[in-house]
Amino acid sequence: KINQKIAKIQELTQLLPNLQDPHSEFVLLRSCFSLPKTVFLMRSTDPTHHQDLWAVFDSLIRDTLNQILGSSVNDQQWAQAQLPVAMGGLGLRGAVDHSAGAFISSVHASESLKEGLLPHGNVPININSAMALLREKVDELAPEQIPEMTQKMISLEIDKNLKIGLVHSLSDKRDKARMASLGLTHAGDWLSVIPSPVLGLHVRPQEFRYSVLYRLGAPIYPSAGPCPACKKDSDRYGDHAIVCGSHGERIARHNQLRDAIYQVAASSNLAPRKEENALLPGTSARPADVLIPSWTGGRDTAMDVTVVSPLLTERVDLAITSPGHTLVTAFNDKCRDYLQACEREGLAFIPLPVETLGGWHKKAVEQLKKLARALARSTGKEEEVEIRHLFQRLGILLVKGNAALLLNRIPSFPLPEIDGEM
């Protein structure tokens with residue numbers, strides 16, 4: 001049965017390139033062809049006799065991800081990809097890791113049903129070997145806890161252990177900072193989007209490829225070299241490119257986020273104004289990307305979007321020890337520049353910082369949720385739906401803005417001179 005299932009999934013994954021759309025291919029892989037496709041077999045089959053087959057299945061999913069990205073992920077990057085999106089991964093959970101938990105939870109959940117169906121009493125199922133496999137993945141669980149746990153609960157504990165192991169295996173500070181930042185609120189919302197070009201919820205092929213590589217900490221460029229925009233040194237991982245201020249891509253990224261927030265406020269009948277002039281008399285400062293009348297305690301409120309990277313050399317140490325520190329610094333810097341001046345004019349001032357990896361400052365999350373709820377009341381839709389859609393939309397715009405910077409800054413090298421002499 002498992003062999004047949006793997007063969008069928010392999011046939012399906014080989015058809016994915018026909019879509020010629022990596023974003024859609026990935027969503028299908030994660031939602032239809034990876035672990036969800038095998039849950040029934042995992043819950044109904046003792047994994048101790050089939051770990052080699054589950055390893056084949058995991059290898060197939062890894063090969064399919066490589067095919068989608070056009071690049072081979074190494075073992076650490078694959079370990080990250082197997083984590084849930086909320087833990088910084090891609091949500092491609094491994095069957096080897098989760099098969100024991102699925103089987104054990106199924107056995108315990110079906111005990112009462114078996115007792116009712118079997119006329120001559122219950123027939124016990126030996127799960128000792130499966131328990132031994134589970135303890136290899138997570139040994140903190142007491143035996144008496146497990147019968148009361150669902151598969152989801154057991155998988156969560158396994159995922160936590162896998163993330164701890166991955167982070168401990170990382171030797172580079174940048175990678176540790178990256179994993180810490182990917183655990184921030186809403187950092188992976190864009191990966192949960194159902195691709196829809198009509199709704200603006202779609203990432204083009206190269207945008208998707210670069211965005212996933214950046215998330216996984218994989219090299220984006222073949223080698224380091226001069227940035228074609230500013231001529232400064234540029235690294236292979238995109239850390240310079242994603243903050244490079246030459247040309248207009250960084251401003252365009254900011255403006256896309258600003259416009260999306262403005263549109264939500266406008267659709268909520270909040271009468272917002274964009275880039276309002278003369279808010280601070282005697283200065284040319286414009287502290288409001290979006291100004292919403294009477295938004296905070298009856299005061300007009302200036303919201304200011306800013307995008308920051310936690311992976312710059314001078315920021316990684318604090319990004320490791322205090323995830324979100326880059327957001328806090330950006331928030332405080334903006335307040336130092338504009339808060340008092342706005343308050344003198346009777347304005348509320350709220351910065352909205354977001355990291356290049358997708359995490360938002362807690363105050364920004366509060367304001368965006370408030371806006372989404374206002375939109376829900378205006379449209380009659382559910383609040384949680386509007387909140388989810390807003391963060392997904394902003395996540396897509398952010399990764400597209402990041403990708404524009406990355407794609408337009410592939411390090412360049414002068415062509416060698418050829419004089420034709422032998």
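Figure 1. C244 is buried, since its relative accessible area is 3%. The model shown here is predicted. A disulfide is a covalent bond between the sulfur atoms of two cysteines. The count for this structure comes to zero disulfides. C230 illustrates the point: its closest cysteine sulfur, in C227, is 3.7 Å away and therefore too far for a bond. The cut-off for a disulfide is a pair of sulfur atoms within 2.5 Å. C244 is likewise in no disulfide. The cysteine sulfur nearest to that of C244 belongs to C230, at 3.9 Å.

**Figure 2. An aromatic cluster formed by F26, W190 and F208.** Five aromatic pairs turn up in a search of the whole structure. In one of the pairs, the ring centres of F26 and F208 are 5.7 Å apart and the planes meet at 45 degrees, so this pair is tilted. F26 belongs to helix α2 (residues 22-33) and F208 to helix α11 (residues 205-216). The two residues are 182 residues apart, and their pair links distant parts of the chain. F26 counts as buried because its relative accessibility is 1%. F208 also has 1% relative accessibility and counts as buried.

Figure 3. W190 and F208 have ring centres 6.1 Å apart and planes at 70 degrees, so the pair is edge-to-face. W190 comes from the loop between α10 (173-182) and α11, while F208 sits in helix α11.

**Figure 4. Lysines over aromatic rings.** K274 lies over the face of Y262. The distance to the Y262 ring centre is 4.9 Å. In another view, K370 places its charged end over the ring of W295. Here the distance to the ring centre is 4.3 Å.

**Figure 5. The largest cavity.** Three cavities of 30 Å³ or more are found in a search of the whole structure. The largest cavity has a volume of about 140 Å³. Its lining consists of 16 residues. Nearest the centre of the largest cavity lie W190, T356, L357, G358 and V399. Two or more lining residues come from each of α11 and α16 (383-407). The largest share, four residues, is from α16. Sorted by class, the lining of the largest cavity holds nine nonpolar, six polar and one charged residues.

**Figure 6. The largest pocket.** About 630 Å³ of space lies in the largest pocket. There are 23 residues in its lining. L199, L201, H389, L390 and R393 lie nearest the centre of the largest pocket. Helices α12 (249-267), α15 (362-379) and α16 each supply at least two lining residues. The most come from α16, with eight residues. The lining of the largest pocket divides into ten nonpolar, eight polar and five charged residues.

**Figure 7. The second largest pocket.** The volume of the second largest pocket is about 360 Å³. A set of 17 residues lines the second largest pocket. The closest to its centre are R250, R253, H254, T306 and V307. Both α12 and β5 (299-308) give two or more residues to this lining. By class, the lining of the second largest pocket has six nonpolar, five polar and six charged residues.

**Figure 8. L28 in helix α2.** L28 is partly exposed because its relative accessible area is 31%. L28 and A95 are 67 residues apart in sequence. Their C-alpha atoms are 17 Å apart in space.

Methods. Residues are numbered from 1 along each chain as its sequence is written. This is a predicted model: local features need pLDDT of at least 70, side-chain atom pairs count only at pLDDT 80 or more; totals for chains, interfaces and linings use all residues. Side-chain values use heavy atoms; hydrogens and water are left out. Rings of Phe, Tyr and Trp (its six-membered ring) pair if their centres lie within 6.5 Å; planes under 30 degrees apart count as stacked, over 60 as edge-to-face and the rest as tilted. Buried means under 20% relative accessible area, exposed over 50%, partly exposed in between (1.4 Å probe, protein chains only). A charge sits over a ring if NZ of Lys or CZ of Arg is within 6 Å of the ring centre and within 35 degrees of the ring normal. On a 1 Å grid over the protein atoms alone, a cavity is a set of points where a 1.4 Å probe fits but cannot get out, and a pocket is an open set with protein on both sides within 12 Å along at least five of seven lines; lining residues have an atom within 4 Å of a point. Grid points are joined across faces, edges and corners, and a volume is the space filled by probe spheres set on the points. Ala, Val, Leu, Ile, Met, Phe, Trp, Tyr, Cys and Pro count as nonpolar, Asp, Glu, Lys and Arg as charged, and the others, Gly among them, as polar.
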